[in-house]
Amino acid sequence: MIRLYDFDLSGNCYKARLLLAILGVEYERRNVDFFPGLKHREPEFLAVNPLGQLPVLEDGDLRLAQSQAILVYVARKYDPSGRWYPLDSPEIAGQVQQWLGFAEGLTATASAARLADGMGFDFDAEAARDGAHKLFAVMDEHLWFQERQGQDWLAPGAAPTVADIACFPYVMLSEEGGISRETYPAIRRWTDRVKRIPGFVVMPGIFPAVLGSQ
Amino acid sequence: MADPLPDPFMLNQWFPISALQDVHDRPRRTTLLGEPLVYFRDGSGCRVTGADGRALPVLEQYACLWTTLGRPEGGLFPIPEYDEPDRRNIAAGSIGVNVSAMRGIENFLDMGHFPYVHTGILGELPHTEVKEYNVELREGGREIVATECLFYQPRASTVSTSGADVEYVYRVPHPTCSVLYKSSPMDTRRLDVIALFGQPTGPESFRGHMVLSILDDVNADDFISYFQLHIFGQDKPILENQMPKRLPLDPRAETPIRADKTSIMYRRWLASNGVTYGVIPAAA
Amino acid sequence: MDSASIAPGWVPVAASEDVIPRHVFQGKLWGQELAIWRADDGYVNVWENRCLHRGVRLSIGVNTGTELVCQYHGWRYANRNAGCTYIPAHPADAPPRTICNRTWPAREAHGLIWTHLGEGEPALPEAAEAPLVLRAVPVRAAPGDVSAALEGFDPGEGLAHRGGLVFGDGASTLRLFVQPMDSGLSAIRGLVSGPLAGEGLALLRRLNTALTAFGRAAEAAARQHPAPAPIPPVYGRVSEELAEMPEMAAGTGKIRVTIAAKTVVAEGIVSLDLRPLRGVLPAFQPGAHIDVALPNGLVRQYSLVNGPGETDRYIIGVKREPQSAGGSLAIHDSLKPGDLLAISEPRNNFTLRRDAEETIFLAGGIGVTPLLAMAAAMAVDDQDFRLHYFAAGQGHLAFPERLAALGERVQPHLGLDPAGTMAALREILSRPGPARQVYVCGPGPMLDAARTIAADQGWPESAVHFEYFRNTHEIDDSSSFDIALARSAVTLRVPAGKSILQVLRENGIAVPSSCGQGACGTCKVKVLEGIPDHQDVYLNNAEKAANDRIMTCVSRAKSDRLILDL
């Protein structure tokens, strides 16, 4: 069985949980007390990932760190339809990859602001917020023009891809870092669409599309 | 808008500023009532210094480091259960929230949101009813106590798979701290204690320090803190989407229902103690 | 199209395409946050973005298509009238009708959603052919500065400044609007009409690029000065009575409605579709009824059939009853579409709990009307229920389309004699349970039978809810006694032949009432002392035994004196 080294309040870990849930893949959650225990800095976890970063996914002999890499692996391995990580069209494959890179930027900005405000991490929250707003502005404009072309998702195509999963958590959790989404209406509509993907699951800080569902 | 000065009632309180487990030799910074503080540990215990470098009074109690910017009349409110030898006392995490500490306390006192915010854990649709309960002032008016609070909880204990009403008792012995008692899944005759100690960093922000004193010899500390953080993480987006961010004390600012008896008393109690910090006082 | 017809009071706060189904758009105007949402019937609501209960933004709630539900405690607010229709923490209470969210006028025109925060009703923008709507460009700078700088904006495309925020080339027009979001936050919106609009997406991209560049420059200029303090939002105060957690108030206001349609919905049953003459109809909950003042002077009560979200009309069902005093005949024979009627605000004495795991509705004949509203409300939430409908035959099943929409959850019981009805009720009510609730509405004998059977089979009285259309028991008004009014320190004599209600009214004490026969519950008053002689069909047996409430229109006293909480 797949094992996920996981922290409940981590948006990066949530990406892996979200795709695994959508694809209906069973896995074992191994809670690593990132906060308040800071167990990711202790030898036991450093033996799993010397970088001390969550999540880490183990599947058989494979051990994989970095949330975007985990999404790519899970999609290639467990999505027989191939639509979550489309490779047929070079143009689409490139754009999916571009948004996976964009997600790294969200981790460096929106996630950093959240860790500073919520968990007392010693980051420059103002700089992180400014950075996040620049990314959100680009994303909102992109999604607005996607909508004008009848496109619901970050990458072209009728179905969502790992790009949407990778960008969703730290956009949705941005208010915890003091980043309002009131000037990003196309982003807000996109987050509603992500919540309606069959198999969608929540994490603390994110509510479901249907009230009181789990 | 300049940050307001604390009113005397707030100024002369002890406030938590860190879990004791997070106090180390290396000094750390935090904020209390708008004032930047530094805290650290040396050979003789925990130390706190104020903005001007002066040493502030210190208490090490209930798994937290407490200090004050004023002159409190005595020590902290009692939590007798904390000293019972068979209990585990756990600091389950400290989380910053961008809303007034009083909004945070009021949410802690609220049961009606369980099925909507803590779905599947503390409540579940369609079981939404908040039944009649009692609330009163005790200890000569120094403390609010709500008793006989019942709410439907799915999988009411670790051994049951079906839902049932769970009983809660809430205490508010401090303007930004509340202590909750809940029947223990391990020993039905005794109660687990879950406390939320609010550190008002500013009038519209606080850090919530969660401390538990529970009867549980099965689960590891990190599982217990995982559970508390999960619950608090679910409350956070609600709290940070409340407007205004300060708790309004004007009875006509919001619409109370019978389920809100405790929070109505809490708002009146804050008003009668002359609290102006973190709240919007009712117009005279 | 010509946007000059738009009055200065109206400001665009969203684009039509922003407000998609089942979504809540988060808007802002002069520091005031707005929750803008479109119901499934197309109506666009512009509300204060704040639940009246605990101040949580409604934009994190859920648009069900008919209602906006707060994420915190599940309070529901209806499309159009913004009235609160359900408070889940108290499932047995009808929310006071007066809990109503703050709304602003909304108009949809030129591909934009418009509102105004001022008083009065400025001229509304006229509808025109759909222009090309630009992407709104947010700019972190003061609206006045952005407006002033835009006059020097060069949109390219051969468009020249024509005054104000209008640019043109003779054939095509670009019209810009600055939406003042806050003291230091603006959104530039724009419309293109004329041949240029035909370029579609490519033009949208070019103008978006130009406006984004303009916005960056405006933001850079704004950063030269300290940012202005945000405008503090105005939070409206709730009414004094809401601050005090009141009992539900009975509506007494008279509303003028017009009959939009009169339709035969079963043998001997017509439905009336009532639309407001002006304004918006008040909110109602499933189970609610209205008083209808008929042309022949009679006042009759009818349950609302409406499901959630049908807030632009009231639907009632009326059975032709030749034996009655003439209310139903007046409706069947003399009313026609276009006629005006006076009705009361809706009152709800038959509230639907929505915290049951399973709900059973028992309808007899025309008694289906409130139960249809309840069933529709539960169907929207996908809650577990079954509607048992007792009727003389297939042709007597009223509102067939509504029944069809409920699908297999409706079970008709046709042509049963009294013994057959009893047997069916025994079968349906054979499994009482703590999380099951029963609602009964129909003819008196059927209600009596259902209540008796439920009690025999062990259903708690609190789980069996009922509404009689009328009290068929003979009222014995031969007693005489005193009533002492605790709050006003007055004692009055109630003689034989007069009701408590009549005596109160003769002495200038206003008590709301409706049916006048102890069926609807409107004239309920608290009893502080004394033993009532209950003759109503509203209270259940346990409530009657408690002797703490009385229906003043029919019930009397067994003791010499009653002390009432009046």
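Is C:Val368 buried or exposed, and how many other C-beta atoms lie within 10 Å? In this predicted model, C:Val368 has 31 other C-beta atoms within 10 Å and is therefore buried, since 20 or more are needed for that class. The residue belongs to helix 5 of chain C, which covers residues 368-380. Beyond the neighbours within four places in sequence, C:Val368 is in contact with C:Ala363, C:Tyr389 and C:Ala398.

Chain C contains ten helices and 35 strands, and its C-alpha trace spans about 90 × 55 × 45 Å along the principal axes. Among contacts in chain C with a separation of 6 or more, 64% are between residues 24 or more positions apart.

Two helices of chain C illustrate the packing. Helix 7 (residues 418-428) and helix 8 (residues 444-456) of chain C have axes that come within 10 Å and cross at roughly 40°. At that angle helix 7 and helix 8 of chain C are therefore oblique to each other, and the crossing is right-handed. Helix 7 of chain C contributes C:Thr421, C:Met422, C:Leu425 and C:Arg426, which meet C:Met446, C:Ala449, C:Ala450 and C:Ile453 of helix 8 of chain C. By class, the residues of this contact are six nonpolar, one polar and one charged.

Chain A has a helix pair that can be described in the same terms. The axes of helix 6 and helix 7 of chain A come within 11 Å and cross at roughly 115°, and this crossing is left-handed. On the side of helix 6 of chain A the contact involves A:Asp164, A:Phe168, A:Val171 and A:Met172, and on the side of helix 7 of chain A it involves A:Ile187, A:Thr191 and A:Val194. These residues divide into five nonpolar, one polar and one charged.

Helix 7 of chain A, residues 185-195, has A:Pro185, A:Ala186, A:Ile187, A:Arg188, A:Arg189, A:Trp190 and A:Val194 as buried residues. Those buried residues pack against helix 5 (125-148) and helix 6 (162-172) of chain A, and also against strand 2 (24-29) of chain C.

The largest nonpolar core has 288 residues, and those touching the most other members are A:Leu71, A:Val162, B:Val211, C:Ile36, C:Phe361, C:Leu371 and C:Ala375. Helix 4 of chain A supplies the largest share of this core, ten residues. In soluble globular proteins, nonpolar side chains tend to be buried together. For A:Leu71, the contacts beyond four places in sequence are A:Lys15, A:Ala16, A:Leu19, A:Val162, A:Ile165 and A:Ala166.

Chain B is in contact with both other chains named here. Between chains A and B, 19 residues of chain A are in contact with 23 residues of chain B. Helix 4 of chain A (residues 90-119) gives the largest share of the chain A side, three residues. That side divides into six nonpolar, eight polar and five charged residues. Between chains C and B, 32 residues of chain C are in contact with 26 of chain B. The chain C side has 17 nonpolar, seven polar and eight charged residues.

Some backbone details remain. Most residues other than glycine have a negative phi, and most peptide bonds are trans. A cis peptide bond joins A:Phe35 and A:Pro36, with omega about 5°, and A:Pro36 lies in the loop between strand 2 (27-31) and helix 2 (43-46) of chain A. A:Leu38, in the loop between strand 2 and helix 2 of chain A, has a positive phi near 55°. With 13 C-beta neighbours inside 10 Å, A:Leu38 counts as partly exposed. In chain B, the peptide bond from B:Met243 to B:Pro244 is cis, with omega near -10°.

Conventions
Residues numbered from 1 in each chain as written. Chains lettered and ligands numbered in written order. Predicted model: local features only at pLDDT ≥ 70, side-chain atom pairs only at ≥ 80, totals over all residues. Helix = DSSP H or I, 4+ residues; strand = E, 2+ residues; numbered from the N terminus. Buried ≥ 20, exposed ≤ 12 C-beta atoms within 10 Å, placed from the backbone. Contact = placed C-beta atoms within 7 Å. Axes fitted to C-alpha atoms, helices over the stretch in contact; angles between N-to-C directions. Parallel < 35°, antiparallel > 145°, perpendicular 65-115°, else oblique. Left-handed = near helix turned anticlockwise from the far one by under 90°. Nonpolar A, V, L, I, M, F, W, Y, C, P; charged D, E, K, R; others polar. Core = buried A, V, L, I, M, F, W, Y, C linked by C-beta atoms within 7 Å.
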